[in-house]
Amino acid sequence: MKTAVLVALLLCCGLLAAAPLQVGSPLPTLTLKDQHDAPQTIAADTRYLIFVAERAPAALAETALDGQTITTLASAHIRYVADISAMPGIITTVIALPKMRKRPYPMLLGRSAAETAMLPREPAKVTLIEAQGGIITTVQFIADAVTLRAALRLTP
């Protein structure tokens with residue numbers, strides 16, 4: 001009986017941990033390695049969190065961030081997270097990571113699905129989470145680079 005209760009509690013905790021973030025939720029303090037294998041943290045001062053879980057939205061985000069640098073994104077408190085867990089390892093190593101390393105800003109990489117399970121997503125869209133004081137104020141699902149760039153308040 002005790003074992004059954006313990007298993008049920010562990011399953012419930014696992015489900016709660018994977019529940020998607022929503023408006024009013026605290027922004028998670030998430031630490032992931034970037035494309036250079038350096039640990040990066042999403043902290044409470046993050047204003048915008050860009051999240052992609054598929055190739056097409058990743059391309060859209062890259063277009064929206066064209067011309068940005070580590071300095072411009074840091075000053076705007078923008079963090080970029082990509083779930084690459086579904087990407088085959090050989091593709092990640094041989095093709096994707098070398099391309100990502102050319103970007104002048106950090107990309108936090110979710111290498112297992114569990115690392116980004118709490119981030120909301122819609123097929124073929126970029127998730128843009130806006131926060132103030134560590135609390136999520138809006139969650140948008142964006143399907144074009146112009147709208148994403150405008151939502152991030154980035155100058156052309």
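**View 1. Leu-128 and the residues it meets.** Leaving out neighbours within four places in sequence, Leu-128 is in contact (heavy atoms within 4.5 Å) with Tyr-48, Leu-49, Ile-50, Thr-138, Val-139, Gln-140, Ile-142, Leu-148, Ala-151 and Leu-152. A word on what you are looking at: this is a predicted model, in which local features need pLDDT of at least 70 and side-chain atom pairs count only at pLDDT 80 or more, while totals for chains, interfaces and linings use all residues. Residues are numbered from 1 along each chain as its sequence is written, and side-chain values use heavy atoms, with hydrogens and water left out.

**View 2. The largest nonpolar core.** A nonpolar core is a set of buried Ala, Val, Leu, Ile, Met, Phe, Trp, Tyr and Cys residues joined through side-chain atoms within 4.5 Å. Here "buried" means under 20% relative accessible area, "exposed" means over 50%, and "partly exposed" is in between (1.4 Å probe, protein chains only). Which of the 27 residues in the largest core touch the most other members? They are Ile-50, Leu-65, Tyr-80, Leu-128, Leu-148 and Leu-152. At least two residues of this core come from each of β3, α2, β4, α4, β6 and α5; these labels follow DSSP runs numbered from the N terminus, with helices (H or I) of at least four residues and strands (E) of at least two. Helix α2 gives the largest share, 4 residues. Apart from this core lies another one of 14 residues, including Leu-27, Leu-49, Leu-119 and Ile-129. In soluble globular proteins, nonpolar side chains tend to be buried together.

View 3. In α2 (residues 55-64), the buried residues are Pro-57, Ala-58, Leu-60, Ala-61 and Ala-64. Why do they sit on the same side of α2? They cover an arc of only 160° around the axis, where the arc is that of the directions from the helix axis to the C-beta atoms. An α-helix has 3.6 residues a turn, so residues three or four places apart point the same way. Look to the other side of α2 and you will find Arg-55, Ala-56 and Thr-63 exposed. The cover over the buried residues of α2 includes β3 (48-52), β4 (78-83), β6 (126-132), β7 (135-142) and α5 (145-151). Helix α2 lies across β3, β4, β6 and β7, and runs at about 140° to β3. For such angles, axes are lines fitted to C-alpha atoms (for helices over the stretch in contact), and values run from 0 to 180 degrees between N-to-C directions.

**View 4. The open sheet.** Follow the strands across: 7 of them form an open sheet in the order β2-β1-β5-β4-β3-β6-β7, with mixed pairing. Strands β2 (39-42) and β7 stand at the edges with a single partner strand each, so one side of each has no neighbour in the sheet. On average, neighbouring strands of this sheet are turned by 35° against each other, direction ignored. Two strands count as paired if DSSP finds at least two bridges between them; β6 and β7 pair in the antiparallel sense over 7 bridges. One place to look is Thr-127, whose bridge partner in β7 is Phe-141.

View 5. Where is Arg-47 found? Its place is the loop between β2 and β3, and at 24% relative accessibility Arg-47 counts as partly exposed. Not counting residues up to four places away in sequence, Arg-47 touches Ala-76, His-77, Ile-129, Glu-130, Ala-131 and Gln-132. The side chains of Arg-47 and Glu-130 are joined by a polar contact of 2.9 Å. A polar contact is a pair of N or O atoms within 3.5 Å; within protein, one must be able to donate a hydrogen and the other to accept it, and residues adjacent in sequence count only if both atoms are side-chain atoms. Arg-47 and Leu-152 are 105 residues apart in sequence, and their C-alpha atoms are 9.3 Å apart in space.

**View 6. Helix α4 and Thr-92.** Thr-92 lies in α4 (residues 89-100). Is Thr-92 buried or exposed? At 8% relative accessibility, Thr-92 counts as buried. Besides residues up to four places away in sequence, Thr-92 touches Ile-84, Met-87, Leu-97 and Pro-98. Buried residues of α4 are Thr-92, Ala-96, Leu-97 and Met-100. They cover an arc of only 95° around the axis, which puts them on the same side of α4. On the other side of α4, you will see Ile-90, Thr-93, Val-94 and Lys-99 exposed.
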